[in-house]
Every structure is written in structure tokens, then in C-alpha cells.
Amino acid sequence: MAIYYADGSNSGSGRIIQKTFNSANNNFSVSSAGTLQASVVNGSITPKDSGSTIICEVCCHQWATTSAYIKQQLRISGGITDNNVGTYADVYCYSAISYSGYWLWKKTSIGTTSACTFTVWVDRGYYPNNSNTGNISWQMMLTEVAA
């Protein structure tokens with residue numbers, strides 16, 4: 001027996017299967033240019049279908065400590081390993097500055113139904129900003145979308 005949706009379709013393609021959300025008020029500092037290191041910004045999801053796409057959204061207040069190019073890269077561990085889902089590279093900050101960053105990554109055809117951890121890797125600055133005043137300093141939402 002087929003399942004029919006409100007639009008009359010019985011195809012699940014493109015529909016949201018699940019979402020997970022993680023946030024915290026912790027920080028991480030890295031100063032070595034060109035050497036990516038795992039930050040504290042992460043989240044986990046257990047895909048229900050190995051053919052699904054996982055969309056990763058991150059909002060992270062950060063502080064670039066010097067006038068420099070900075071990078072943010074998404075990596076996956078656990079059910080699969082992907083050391084470069086995507087890299088936002090060569091973002092240049094002219095001076096020590098704090099700003100709110102938003103990044104969006106997409107991993108098509110995840111390839112597993114085992115738990116996966118998504119972690120943002122960075123190469124310099126504070127991720128998130130080094131102010132721990134009781135506010136949320138970063139958030140990550142993972143969305144599984146049917147193939």
C-alpha cells in the first residue's frame with residue numbers, strides 16, 4: 001500500500017526525513033595558519049536511508065584574531081569518513097574582528113545508516129567567539145532529505 005502526501009504524490013523524494021540540532025556556549029582557539037583543526041562546533045545524525053542527502057547549517061559567532069585569510073571546513077566521522085565535505089576558504093579579515101558566520105554544506109548520497117558526526121574544522125581565530133557570558137555561541141542543524 002502506497003503512502004500519499006497532501007500534494008497527491010506518493011514519492012518521498014525531496015521530503016525532509018528528520019532534523020537534529022546541537023548548540024552550546026563553548027569555544028576553541030587556533031592560531032596556526034594553514035593547519036586545520038577540529039573545533040567544538042559539531043552535531044550528529046543517524047541517517048534513515050543511505051541514499052539521503054544531509055544538509056548542514058551552522059551559525060557561529062567568531063573572532064578573527066589578526067589580519068589574515070581564514071578557512072572553515074566540514075568533515076564527517078563515524079558511519080562514513082569525509083575529510084572535506086566543503087571548504088569556505090580565503091575569507092579575509094582586515095583586522096581583529098568579531099562577526100557572525102553562517103555556513104551551509106550539503107552531503108549528497110550519505111552512504112550509511114550508521115551514526116555520523118559532522119565537525120567544523122578551522123585554521124585560525126576563536127570559533128566561536130571567546131566570550132562565555134551565558135549566551136548560545138554556536139548552533140548546528142542537520143537535515144536529512146530523501147533522495
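Predicted model: local features only at pLDDT ≥ 70, side-chain atom pairs only at ≥ 80, totals over all residues.
I started with T117 and listed its contacts beyond four places in sequence: N42, G43, S44, R75, I76 and S77. I found T117 in strand β8, which covers residues 116-122.

Next I checked the distance from T117 to G43. Their C-alpha atoms are separated by 5.7 Å, though the two residues are 74 apart along the chain. I also looked at S44, and its side chain is joined to that of T117 by a polar contact of 3.0 Å.

Then I went looking for salt bridges, and the count is 1. The partners are D82 and K107, whose side chains meet at 2.7 Å, N to O. I placed D82 in strand β6 (residues 82-93) and K107 in strand β7 (residues 97-107); the pair sits 25 residues apart and links distant parts of the chain. Why do I call D82 buried? Because its relative accessibility is 15%, and the cut-off for buried is under 20%. K107 comes out at 18%, so K107 goes down as buried too.

Last stop was the surface. I noted a nonpolar patch of about 350 Å², made by Y88, V91, Y102 and L104. Which strands supply it? I find at least two of the patch residues coming from each of β6 and β7. I looked up Y102 on its own: this residue lies in strand β7, and at 49% relative accessible area I have Y102 down as partly exposed.

Key:
Residues numbered from 1 in each chain as written. Heavy atoms only, no water. Salt bridge = Lys/Arg side-chain N within 4 Å of Asp/Glu carboxyl O. Helix = DSSP H or I, 4+ residues; strand = E, 2+ residues; numbered from the N terminus. Buried < 20%, exposed > 50% of the residue type's maximum accessible area, 1.4 Å probe, protein only. Patch = residues over 30% accessible without salt bridge, like charges linked within 9 Å, V, L, I, M, F, W, Y side chains within 5 Å. Areas by Shrake-Rupley, 256 points an atom, 1.4 Å probe, with all protein chains shown as cover. Contact = heavy atoms within 4.5 Å. Polar contact = N/O pair within 3.5 Å; in protein donor to acceptor, adjacent residues only side chain to side chain.
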